[in-house]
Amino acid sequence: MTQTEVPVLIAGGGPVGMTLALNLARYGVRSLLVERNPATTRHPKMDLTNGRSMELFHRLGLDEALRDAGVPRENAFDILWITSMVGHDLFRFHYPSATEKTRIIREENDGSHGAQAPLRVSQIQIEPVLKAAIDAHPLIDVRFGTRFERIVENGADGVTAEIVDSQGGVSETIRCRFLAGCDGGGSRVRRNLDIALEGEENVAGAYMVHFRTDDRELLQRWGPIYHLQSGLGTIIAQNDHDIYTLQAWLLPGMNPDEMTPQGVLEGWVGRPFEYEVLQANPWFAHFVVAEKYRDRSTLLAGDSAHQFIPTGGYGMNSGIADAAALSWALAANVQGWGGEGLLDAYDAERRPTAWWHLEASRRHMAVRQQITMIYLEAGDLEADGPEGDARRAEVAARIAALGNAENESWGVEFGYRYDGSPVVAHEGAPPPIDPLTYAPSTWPGARLPHVFLADGTALFDKLGMFFTLVALDDTDTSGLEEAAAAMAVPLDVLRLGRPDLRGIYERNLVLVRPDQHVAWRGDALPADCGQLLQLVCGRKTAS
């Protein structure tokens, strides 16, 4: 059995594993990525890449390629509640297209928006873009058709693991400084470490039918719609042309073993039509988070660490943020300027964030369940005449009153904060976070608010590779620069000359981490800059 040495072994080649590899490569760290499947997925596992994820993909130079793979930029994100595909429309929640959202972001430019518009795209289209990027990068050894087999040794100074070629069965020993388990909900890495999942399993189910049809007269009778929703499920327009996915709720008493894709699809739509089934299966959702994300030199990310029902779209998007958080912690340790505390901080930061996202998806699911009951109790919603009109009007009003937080929780998406982090300079009791409204803040642990500068460039594009000290004015920064040089901590200084931005950034100086979260802020440097850098680099714990 041959042995290979590499700084980081990544088990799992889905979006999270590939994004982790690309982030590590951006920091100059080599990795070996293994994926048991021979090619990218053919299952429509998600349909939204949110604005925060697009900020992180932009940093990798992939945002335009991903947008080219997704739904046209000019198409809206509308959610339409209907009685059935052959019935009546009830209530529409309108959301702007990516093009329109980008215009709004630039025009308002007050820190209350992300730097990027969200993207409607299926995971089927995302993965080939990421795969092409990792294949082209010289620092990433890509091995699809190779499975992670087992952990031989997991110690404080590294991991020995076994991988196996899926076709030939040839085993290889890998010695790595770190192992990242990005291998999905059934994670073999997690099971090797006996890390339990906390929460609830099989909380809800659906029968998925992924299909192709040219019957746009039926599927687009109300125009191109992102989600066509009823009390019995959702049809997702994957490309606004001919590819759709039905997620039909499995209600009490339904037996998926007795159901067929054709029966489910035609029953939901309301009549037979011409189509081709591409994939179909029942599935059951979980509300679970791993009891820990780190065991010595092995760490978890993505679905191996957390699983939510897809209401809100937090699954893959939370995993992309995991990759951003984990990559800089691993790079700092591999390169020697970061300490053990960064690895503990990954768990302390991302596990509570997973619970934050889980509870949001649970709230959204509860609203869906309320609406299902409204439909079931309403009587015949297809009836003609005044009685049918009155029923439909009442259901529409109740849906409008419940709202659509599932697609409007900007505080959940952008406002999460690392209040329990041991590598952030805390300031006392943190202010509450509104799940619905994103309030720009530089409270330590928060994502740095974004603005476009006077020349039209994005502030995020001006940040350095690792730490960046953002200075709004001419406040002296030499003490931190000197301490960073003495400690070999990579630091850039971004002097904006914009004291007028204090209303958004709240302090003259803001120290930003590689993952765009705030490590420290102040109107002047602290008395001991070396002590601050020890803290934020994980060389000592927060007091």
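A salt bridge here is a side-chain nitrogen of Lys or Arg within 4 Å of a carboxyl oxygen of Asp or Glu. The model is predicted, so local features need pLDDT of at least 70 and side-chain atom pairs count only at pLDDT 80 or more, while totals for chains, interfaces and linings use all residues. Residues are numbered from 1 along each chain as its sequence is written, and side-chain values use heavy atoms, with hydrogens and water left out.

A search of the whole structure turns up 40 salt bridges. Here are three of them:

| Pair | N to O distance |
|---|---|
| Lys-131 and Asp-135 | 2.8 Å |
| Arg-362 and Glu-200 | 2.5 Å |
| Arg-521 and Glu-427 | 2.9 Å |

Helices (H or I, at least four residues) and strands (E, at least two) are DSSP runs, numbered from the N terminus. Lys-131 and Asp-135 sit four residues apart in helix α5 (residues 123–136), separated by about one helical turn.

Arg-362 forms its salt bridge with Glu-200. Arg-362 belongs to helix α10 and Glu-200 to strand β11 (residues 197–212), so this pair ties together parts 162 residues apart in sequence.

What about cover? Buried means under 20% relative accessible area, exposed over 50%, and partly exposed in between (1.4 Å probe, protein chains only). Arg-362 is partly exposed at 26%, and Glu-200 is partly exposed at 39%.

Arg-521 meets Glu-427 in a salt bridge. Arg-521 is buried, at 7% relative accessibility, whereas Glu-427 is partly exposed at 32%.
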